[in-house]
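Here is a friendly walk through the model you are about to see. Have the viewer open beside you and follow along.

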Amino acid sequence: MNNAILVKNLTKSFKSGGKVIKAVDGISFELERGVFASIIGKSGSGKTTLLNLLGALDKADSGQIEIDGVDITKLGGRKLDGYRRKTVGFTFQSYNLIPNLNALENVMLPMEFAGVSGRERRGRAKELLLSVGIDENRQKRKPAKLSGGEQQRVAIARALANQPTIILADEPTGNLDTDTGYKIVELLKKIAKEKNTTVIVVTHDNEIARKSQKVFYLRDGKLVHED
Amino acid sequence: MTVALIMIMANQIISKRVEDVKGNVGNTISISPRGISGFEGGGNLLTEGDLKPISSYEHVTQVAMSLRARPSSTGLTSAIEPGTFGERFGQRAGPGGGGGRAFVSISVTGTNITGALPSSSLLGGEISLTSGRYFEASDASAKVAIVGKDLAQKNSLKIGSTFEMEGEKFKVVGIYDSGALFSNNAVYLPLKTTQKTFDLTNNVSDASVTVDSVSNVDTTVSKIESLLSDKADVTSEAERFTEALSPLESISQTTQVAVIGAIVAAVVIIFFSMLITVRQRIKEIGILKAIGASNFHLVTQFVTETMAVSLLAAVIASALSYMAGNAIVNNLVQPTTGGGRGGFAQGAGRLLLGLGGTGSLQVFNLETLAYALLIAIVVGILGSIIPALIASRLKPAEVIRLE
């Protein structure tokens with residue numbers, strides 16, 4: 001079974017100002033494990049909604065999302081919590097680190113939810129932070145004392161905390177300068193390759209798309225092209 | 001929280017004092033043979049058999065039986081001179097009581113009480129032993145006596161002295177002082193000894209029944225009345241004391257209402273502040289869910305955080321109550337002098353403190369601390385569980401993009 005992700009006829013609508021907007025309109029695709037893929041489209045094309053559906057941060061109206069053969073649209077409650085905790089790792093454009101925890105504690109947090117022991121949490125978090133380029137000194141800093149690029153690296157380390165098979169990154173370079181952005185992309189590519197983790201990046205940056213093994217083009221909630 | 005604690009302390013102390021007072025005043029029932037008062041009147045004396053069932057009644061703590069008599073012959077000299085009052089109304093020695101010298105007779109009381117002397121409405125005054133001892137169980141029918149201070153002085157009686165009465169010899173084992181000359185001119189004997197000496201076997205001239213609380217006097221009175229029917233008059237002062245205590249009990253109720261009010265206020269405040277917290281932290285909740293926090297984690301976190309605040313409040317409130325509570329409660333329960341208003345509260349305070357006899361009330365105790373912790377836990381859980389449940393139901397995608 002090579003398909004890590006299999007999406008079939010996925011739909012999601014929102015009501016806005018009395019009108020129904022089809023944010024995701026019958027999207028189907030499949031993706032192999034360990035691939036670095038990007039979803040590209042204009043603002044409002046539905047790419048973040050699609051990513052939220054893949055990460056179970058939102059519920060689809062219809063369709064299927066099979067992850068390693070399990071349809072997560074059929075899961076509820078605890079199993080969905082478990083999916084978010086163990087199978088996927090999320091990163092955001094504005095990093096969304098917990099402001100009153102330092103870098104190390106931020107990375108330890110998902111492991112705490114997964115019931116990993118305190119000592120192991122600390123050790124693994126340190127290792128992960130070093131692997132994304134955050135040294136011991138910076139690990140003790142709170143997010144506000146780190147640069148944008150550093151915060152995104154911490155967020156990536158946090159996403160990797162419970163060794164997920166999928167990383168979902170929503171505009172990971174959106175708040176970064178070009179050079180730092182590309183370094184982050186390289187880091188994500190390296191993770192996909194070395195850890196055999198499927199990485200899906202939502203972006204509107206064609207340069208990132210060019211560096212991806214697979215690109216999905218979205219327009220008005222529809223998948224218009226993939227290569 | 002401090003208010004609640006202080007109210008709890010006030011409530012505790014008032015309730016405790018009210019119970020003390022109830023157990024100390026107005027809780028005695030007097031039984032006297034119908035038609036007889038002291039040495040006046042007519043009719044039949046009661047018997048021990050008549051009164052026996054009373055001691056097994058519920059709430060009855062003591063049945064003090066007395067037999068009063070006047071000796072017709074004794075070697076003792078009365079400590080009281082007849083004076084003008086005695087000349088006019090007193091008894092006269094001599095045949096037929098018609099002539100002879102006026103005298104004030106010595107009163108003899110038989111009692112079944114050991115370890116104390118019965119307070120007697122006839123003799124009056126607070127009775128305390130100045131030397132020797134009270135009767136003991138082994139004295140039941142022994143020829144021993146406890147005599148009044150003035151009578152002892154007049155007759156040069158000391159502990160171990162003997163005197164003669166009704167042709168019998170009695171040994172002095174104790175000397176008492178009641179603070180009044182009249183009641184110090186008397187002799188106490190064990191009940192059985194008195195019955196035998198005055199040939200009144202099994203007779204009792206009056207009895208005093210003590211119950212555990214003034215609240216239980218009425219029911220006990222009814223029971224005794226139906227037991228003795230037309231043989232005796234049964235009286236108590238319970239009603240008067242119950243009335244005196246009712247304002248205190250209403251203070252106690254007021255403090256209970258205040259406690260509930262303070263707790264409800266605390267729950268409402270915590271509830272709304274937690275709702276505000278949820279709104280402020282809505283994004284954080286979304287992030288935590290996105291990185292794998294379960295609803296259980298979120299609810300636990302919110303409840304724990306609220307509990308921490310709530311317990312901290314309990315600690316601060318306990319400290320404040322410990323420092324200031326005693327003063328506040330003492331002021332609440334015992335207003336100082338002055339002010340026309342609040343006369344009842346003053347009276348009530350005096351009554352409480354007067355009977356407590358310890359002056360300042362030390363009211364902060366382990367029980368108060370336990371209440372503080374209990375309130376903290378209840379307030380913490382009630383105030384946080386609903387906001388926590390609301391938080392846990394949020395969809396991460398809806399809140400995560402908020403700035």
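Let's begin with a pair of helices: H6(A) and H7(A) cross in a right-handed way. Please keep in mind from here on that this is a predicted model. Helix H6 covers residues 148-160 of chain A and helix H7 covers residues 178-194 of chain A; their axes come within 10 Å and cross at roughly 15°. Angles under 35 degrees count as roughly parallel, so H6(A) is roughly parallel to H7(A).

Which residues do the meeting? From H6(A) they are A:Gly148, A:Gly149, A:Gln152, A:Ile156 and A:Leu160, and across from them in H7(A) sit A:Thr180, A:Lys183, A:Ile184, A:Leu187, A:Leu188 and A:Ile191. Sorted by class, this contact has 6 nonpolar, 4 polar and 1 charged residues.

**The sheet of chain A**

Now look for an open sheet of 6 strands in chain A, with the order S6-S7-S8-S3-S9-S10 and mixed pairing. Its edges are strand S6 (88-91) and strand S10 (222-226), each of which pairs on one side only. On average, neighbouring strands of this sheet are turned by 20° against each other, direction ignored.

Within the sheet, strand S7 (residues 166-170) and strand S8 (residues 198-203) of chain A pair in the parallel sense over 5 bridges.

**Where chain A touches chain B**

How many residues of each chain are in contact? The answer is 17 residues of chain A with 13 residues of chain B. On the chain A side, helix H2 (77-87) and helix H3 (103-113) each supply at least two residues, and the largest share, 4 residues, comes from H2(A). The classes on the side of chain A that touches chain B are as follows.

| Class | Residues on the chain A side |
|---|---|
| nonpolar | 7 residues |
| polar | 4 residues |

**How confident is the predictor?**

For the complex, the predictor gives an ipTM of 0.88 and a pTM of 0.57. Chain B has a mean pLDDT of 77, with 83% of its residues reaching 70 or more. Over residues 335-360 of chain B, pLDDT stays under 50, and the model has 22 contacts beyond four places in sequence for them. Where pLDDT is low, the predicted coordinates should not be read in detail.

Definitions and conventions:
Residues are numbered from 1 along each chain as its sequence is written. Chains are lettered from A and ligands numbered from 1 in the order in which they are written. This is a predicted model: local features need pLDDT of at least 70, side-chain atom pairs count only at pLDDT 80 or more; totals for chains, interfaces and linings use all residues. Two strands pair if DSSP finds at least two bridges between them. Axes are lines fitted to C-alpha atoms, for helices over the stretch in contact, and angles run from 0 to 180 degrees between N-to-C directions. Two residues are in contact if their C-beta atoms, placed from the backbone, lie within 7 Å. Ala, Val, Leu, Ile, Met, Phe, Trp, Tyr, Cys and Pro count as nonpolar, Asp, Glu, Lys and Arg as charged, and the others, Gly among them, as polar. pLDDT is the predictor's confidence in each residue, from 0 to 100. Angles under 35 degrees count as roughly parallel, over 145 as roughly antiparallel, 65 to 115 as roughly perpendicular and the rest as oblique. A crossing is left-handed if the near helix is turned anticlockwise from the far one by less than a right angle, and right-handed if clockwise.
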